[in-house]
Amino acid sequence: MKPIKTALCLILLLFITSSLFGCGTGRQERRLAFLGKAIRAEIEAEREGKSFRGILELGEVKESGERSMRLTFTAPKSLEGIIAEKRGDSLTLGIGGKTFDSPEAASALLRVGELFSDTGVLLSAKRVRSGEENLTELTLSSSAGDRVLTLNQSDRLISIAAEDMKVRIVWIETSR
């Protein structure tokens, strides 16, 4: 009788342990599910000591992993109205209704869109306190490098930080 009780206890312990570990990972993945959807956001970003503001529009991630990106700069004044866009393999810059093929410039400007990728491995999830708010920091690692996504108590994305760029989300809309 004793071996049966021991076996049942071990099975129960394994079940509880696997359930606890599985729930944690699944919950974080659900929190990040919106990253694969179409996104429209106003952002403030800093890269290499220079800051800018703009409207970022990201298409839904396709099965191939492709995603359209469009960044319309609203500040500083010197960048206002410039549009960097990626559609398929085409990288362009536009201003005043004119469009120019400029893969190097557009690629650098669209680095911000890459930060919103849902690809990568979740390295850690931790709660942090910022004033009166409890925030969640999720660290993702991918071929593009590590990035930390910060979510508020309502699981709304409020910032993304990578080694070369920091982005604060002013507002964000996602498709359903």
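A residue counts as buried when its relative accessible area is under 20%. Keep that cut-off at hand for the stops below; the model on screen is predicted.

**Whole chain**

Followed from the N terminus, the order of elements is α-β-β-β-β-β-β-α-α-β-β-β-β-β. The chain has 176 residues, of which 32% count as buried. For contacts between residues at least 6 apart in sequence, 36% join residues at least 24 apart.

**Ser117**

Select Ser117. The residue sits in the loop that runs between helix H3 (111–114) and strand S7 (121–130). Is Ser117 buried or exposed? Its relative accessibility is 19%, so Ser117 counts as buried, the cut-off being under 20%. Now show its contacts, setting aside residues up to four places away in sequence: Leu35, Arg67 and Arg147.

Move to Phe116. With residues up to four places away in sequence again left out, Phe116 touches Leu35, Ile39, Ile43, Leu56, Leu58, Arg67, Leu157, Ile160, Ile169 and Ile172. Leu35 and Arg67 are on the contact lists of both Phe116 and Ser117.

Phe116 also belongs to the largest nonpolar core, a set of 32 residues. Select Ile43, Leu71, Phe116, Leu157 and Val167 together: these have the most contacts inside that core. Then colour the strands that each supply at least two of its residues: S1 (39–47), S2 (50–58), S3 (69–75), S5 (90–95), S8 (133–142), S9 (145–151), S10 (157–162) and S11 (165–174). Which strand gives the most to this core? It is S1, with 4 residues.

**Ala84**

Last, select Ala84, in strand S4 (residues 83–87). Its relative accessibility is 0%, and Ala84 therefore counts as buried. Which residues is Ala84 in contact with, leaving aside its neighbours within four places in sequence? They are Met69, Arg70, Leu71, Thr92, Leu93, Leu109 and Leu110. Leu71, in this list, was also selected at the previous stop as one of the core residues with the most contacts.

To finish, draw a distance from the C-alpha atom of Ala84 to that of Phe100: the separation is 9.7 Å, for two residues 16 apart along the chain.

Key
Residues numbered from 1 in each chain as written. Predicted model: local features only at pLDDT ≥ 70, side-chain atom pairs only at ≥ 80, totals over all residues. Heavy atoms only, no water. Buried < 20%, exposed > 50% of the residue type's maximum accessible area, 1.4 Å probe, protein only. Contact = heavy atoms within 4.5 Å. Core = buried A, V, L, I, M, F, W, Y, C linked by side-chain atoms within 4.5 Å.
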